[in-house]
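Here is a short tour for anyone opening this structure for the first time. Keep the 3D view at hand and follow along.

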Amino acid sequence: MDNALVTVLIAMLGGAIRVSTPFMFVALGETLTEKSGRINLGLEGNLVLGAMVAYAVSYLSGNAWLGVLAAGGSGIFLGALHGYICKLPRVNDIAVGIAMMSFGTGLAFFFGKPFIQPTAPRLDAIPLGDWTGNPALAQALQVNPLFFVGIALAVFMFWAFRNTRWGLIVRMTGDSAASAKAMGVSVDLVRFLATAAGGFLAGIGGAFLSLYYPGSWNQGLSSGQGLMAVALVIFARWDPIKCIFAALLFGAAGALGPSLQSIGISQGYYFFNAAPYILTLIIMIISAGSKAAARDVPGELSITK
Amino acid sequence: MTAETADTAAIPAKAGPSLGLLRFAEAVSIPIGALVVSALLFALFLVAIGKDPLQFYQLIWTGGFGSSFSIQNSLQRAAPLILTGLAFAIPARIGLTMIGGEGALVLGGFSAAAIAIPLVSNAVPPPLTLLVMALTAVLTGGLWVGFTGWLKYARGVNETIASLLMSYIAIAIMNFFVEGALRDPASANKPSTMPIGDAYRIGSIPGTDVHWGFAAGVVLALLLWVLMSRTTFGFAARMTGGNLRAARAQGLPVGWLMVVCCAIAGAAAGLAGFFEVAAIHGQANASLVAGYGFTGILVAFLARQNPLAVIPVAILFGALAAAGGVIQRRMGMPDATILVLQGMMFVVLLVSETFYGRLKLFQPKATGQRA
């Protein structure tokens with residue numbers, strides 16, 4: 001029994017590290033976009049399209065990292081489109097997000113059809129757990145480099161928001177468009193760039209899905225991770241470092257079903273698959289009413305109102 | 001943008017009868033213009049990937065409206081789209097962006113199929129069974145989306161994200177039962193609930209092959225149009241959508257209005273699920289997750305959240321869906337082609353929102369009076 005518990009916990013640790021990476025990238029992208037005062041609900045579309053593009057480019061070029069880069073490029077395309085449309089007057093950014101979600105998914109399914117069968121080169125992991133001599137632990141500690149890229153990025157963003165001119169401009173645009181204008185900053189341009197850059201990161205998150213874990217391309221690859229990551233940003237209160245912890249928590253929740261299955265508990269597998277969604281909803285309910293979240297929200301953002 | 005719709009409807013025609021007509025012309029022309037532009041863009045897309053756009057649109061026409069068979073096929077596929085379109089349009093009128101139609105449809109259909117199991121095995125007469133199934137689906141859907149509306153009102157939870165999460169949870173609940181306790185052992189490859197059997201199918205509108213869901217959708221759209229534009233409830237809802245604070249200041253029961261609008265939405269989507277089970281599949285399985293809820297969002301946007309306009313727009317998208325299979329076979333294109341077209345339409349349609357009130361053609365001649 002103890003043994004089974006340890007197995008589950010190790011599997012969940014490994015799962016948290018594996019599953020959290022796409023959450024991390026999407027949440028960091030969304031944080032950047034929301035800090036500038038705009039919402040992009042459509043990052044699910046970036047995630048799916050990024051996954052497809054990464055897999056296709058990796059297959060055709062034989063280089064997985066080229067795939068990652070291409071996924072980022074496809075994310076910029078969708079993000080820039082979103083950013084451009086949202087700056088038109090009388091256009092609702094929530095609705096545009098829904099549209100981009102279906103447009104990105106549609107494009108991915110359309111062009112991804114021929115890539116469901118073939119096997120593309122995948123990203124290699126760094127074995128960090130070989131010293132433990134425990135095969136289960138060693139397997140759990142196979143960590144993809146993108147995981148560390150995500151953490152480094154979060155630290156960088158945390159620092160940059162506070163200490164750089166660019167960080168200040170993004171925060172100011174998000175908190176008060178009027179004062180940004182008074183400073184001579186183009187609000188539309190800042191938000192456009194922040195949305196495009198956010199789209200880039202979400203695309204990278206998609207590349208992780210298809211090139212590392214689960215590590216193949218099919219139409220059911222992402223089921224709402226992009227959306228949950230957007231919800232996670234509110235929970236992390238627009239703080240890049242907290243995004244990492246929130247992503248790990250979500251990763252662990254996502255790994256619950258497969259971990260239990262690994263010790264033979266398959267009863268209720270589908271129910272445990274719903275765990276991340278239920279967790280997100282509960283977190284949203286808790287953080288929606290919180291005064292702390294109300295204090296940290298960028299002033300121009302309408303998502304929590 | 002939902003606020004605008006309410007504005008438009010709430011502004012009395014001060015500048016003479018022509019203003020109402022201009023508004024109507026604007027509300028019809030801009031979406032049609034958006035459709036034409038997206039069709040042209042998609043034609044470019046087809047040319048870019050080496051397909052013939054003329055053949056594509058011709059196939060859509062023949063596949064959607066070309067014969068009496070294809071027209072009936074289109075109407076049949078329009079049935080769930082009318083209902084899911086209403087499921088987005090009604091909360092939109094009160095200012096909520098609820099995209100949980102898919103979940104309410106799935107759960108409504110599943111609950112109808114589940115409650116049918118004991119009724120069918122005890123040989124309860126089909127009409128009574130179908131009635132109980134429909135009521136269960138409506139109630140389940142209504143509670144499901146109504147709960148999301150309540151979360152928005154009581155806790156301020158963002159309803160767009162919450163409603164989509166609820167859809168994923170709904171699908172997980174159905175999978176949980178369909179793969180487990182309620183699985184029909186005979187459904188080997190595609191886990192399903194016990195089939196209700198042919199005697200319990202709801203059948204078609206006499207003289208056609210179109211199932212009753214289409215008629216139900218049309219009737220419900222008419223009823224909801226009356227409710228939203230001809231009753232005090234509808235007025236209060238639209239006022240809340242237009243200006244929440246003003247509605248509160250007027251003492252309107254804002255929370256109650258929100259929850260009721262969401263419950264209506266869920267009930268409509270749940271009903272769509274009932275018809276999918278009772279008329280098409282005969283059991284609940286993964287086929288219920290067909291994306292009708294998401295296409296319904298696009299339908300409602302194109303209809304400018306007007307319940308009456310939902311009917312023709314749903315028929316148009318029903319035709320697109322009906323033609324999808326023909327396009328797949330004849331042009332060798334993947335089934336996601338229609339998804340790309342819909343996504344493009346959606347994006348262009350939202351861009352077109354920016355033209356409301358800015359095109360000279362639809363503005364009243366300057367008389368010094370501005371609405």
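## The nonpolar core

Let's start in the middle of things: the largest nonpolar core has 227 residues, and A:A27, A:L232, A:C243, B:L86, B:A268 and B:V310 touch the most other members. The biggest share comes from helix α11 (residues 254–281) of chain B, which gives 19 residues to this core. A nonpolar core here is a set of buried Ala, Val, Leu, Ile, Met, Phe, Trp, Tyr and Cys residues joined through C-beta atoms within 7 Å. Buried means that 20 or more other C-beta atoms lie within 10 Å of a residue's own, exposed means 12 or fewer, and partly exposed is in between, with C-beta atoms placed from the backbone.

This is a predicted model, in which local features need pLDDT of at least 70 and side-chain atom pairs count only at pLDDT 80 or more, while totals for chains, interfaces and linings use all residues. Residues are numbered from 1 along each chain as its sequence is written, and chains are lettered from A and ligands numbered from 1 in the order in which they are written.

Back to A:A27: leaving out residues up to four places away in sequence, A:A27 touches A:A229, A:L232, A:V233, A:A236, A:C243, A:A246 and A:A247. Two residues count as in contact if their C-beta atoms, placed from the backbone, lie within 7 Å.

## Where the chains meet

How many residues of chain B are in contact with chain A? There are 36 of them, and they meet 40 residues of chain A. On chain B's side, the elements giving two or more residues are α6 (126–155), α7 (159–178), α12 and α14 (337–352). Helices are DSSP runs (H or I, at least four residues), as are strands (E, at least two), numbered from the N terminus. By class, this side of chain B has 24 nonpolar, nine polar and three charged residues. Nonpolar covers Ala, Val, Leu, Ile, Met, Phe, Trp, Tyr, Cys and Pro, charged covers Asp, Glu, Lys and Arg, and the others, Gly among them, are polar.

B:M344 sits in helix α14 of chain B. Beyond its neighbours within four places in sequence, B:M344 is in contact with A:F103, B:S38, B:L41 and B:F42. B:M344 counts as buried because 21 other C-beta atoms lie within 10 Å.

## A covered helix in chain B

Helix α12 of chain B is mostly covered, with 11 of its 11 residues buried. Its axis comes within 7 Å of that of helix α4 (residues 68–93) of chain B, and the two cross at roughly 60 degrees. Axes are lines fitted to C-alpha atoms, for helices over the stretch in contact, and angles run from 0 to 180 degrees between N-to-C directions. That makes α4(B) and α12(B) oblique to each other. For reference, angles under 35 degrees count as roughly parallel, over 145 as roughly antiparallel, 65 to 115 as roughly perpendicular and the rest as oblique. By class, the contact of α4(B) with α12(B) has 10 nonpolar, five polar and no charged residues.

Just after α12(B) comes B:R304, with a positive phi of about 50 degrees. B:R304 lies in the loop between α12 and α13 (307–331) of chain B, and is buried because 25 other C-beta atoms lie within 10 Å.

## Helix pairs in chain A

In chain A, the axes of helix α7 (residues 165–175) and helix α9 (residues 187–211) come within 10 Å and cross at roughly 110 degrees, so these helices are roughly perpendicular to each other. A:I169, A:V170 and A:T173 of α7(A) make the contact with A:V187, A:V190, A:R191 and A:A194 of α9(A).

Another pair is helix α11 (residues 240–262) and helix α13 (residues 275–288) of chain A, packed at an angle of about 145 degrees with their axes 8 Å apart. A:L256 is in α11 of chain A, and touches A:M12, A:F272 and A:A275, not counting residues up to four places away in sequence.

Most residues other than glycine have a negative phi, and most peptide bonds are trans. A:R90, not a glycine, has a positive phi of about 65 degrees. A:R90 is in the loop between α3 (64–86) and α4 (93–112) of chain A, and counts as exposed because it has 12 C-beta neighbours inside 10 Å.

Which residues does a cis peptide bond join? They are A:Y213 and A:P214, with omega about 0 degrees. A:P214 belongs to the loop between α9 and α10 (225–235) of chain A.
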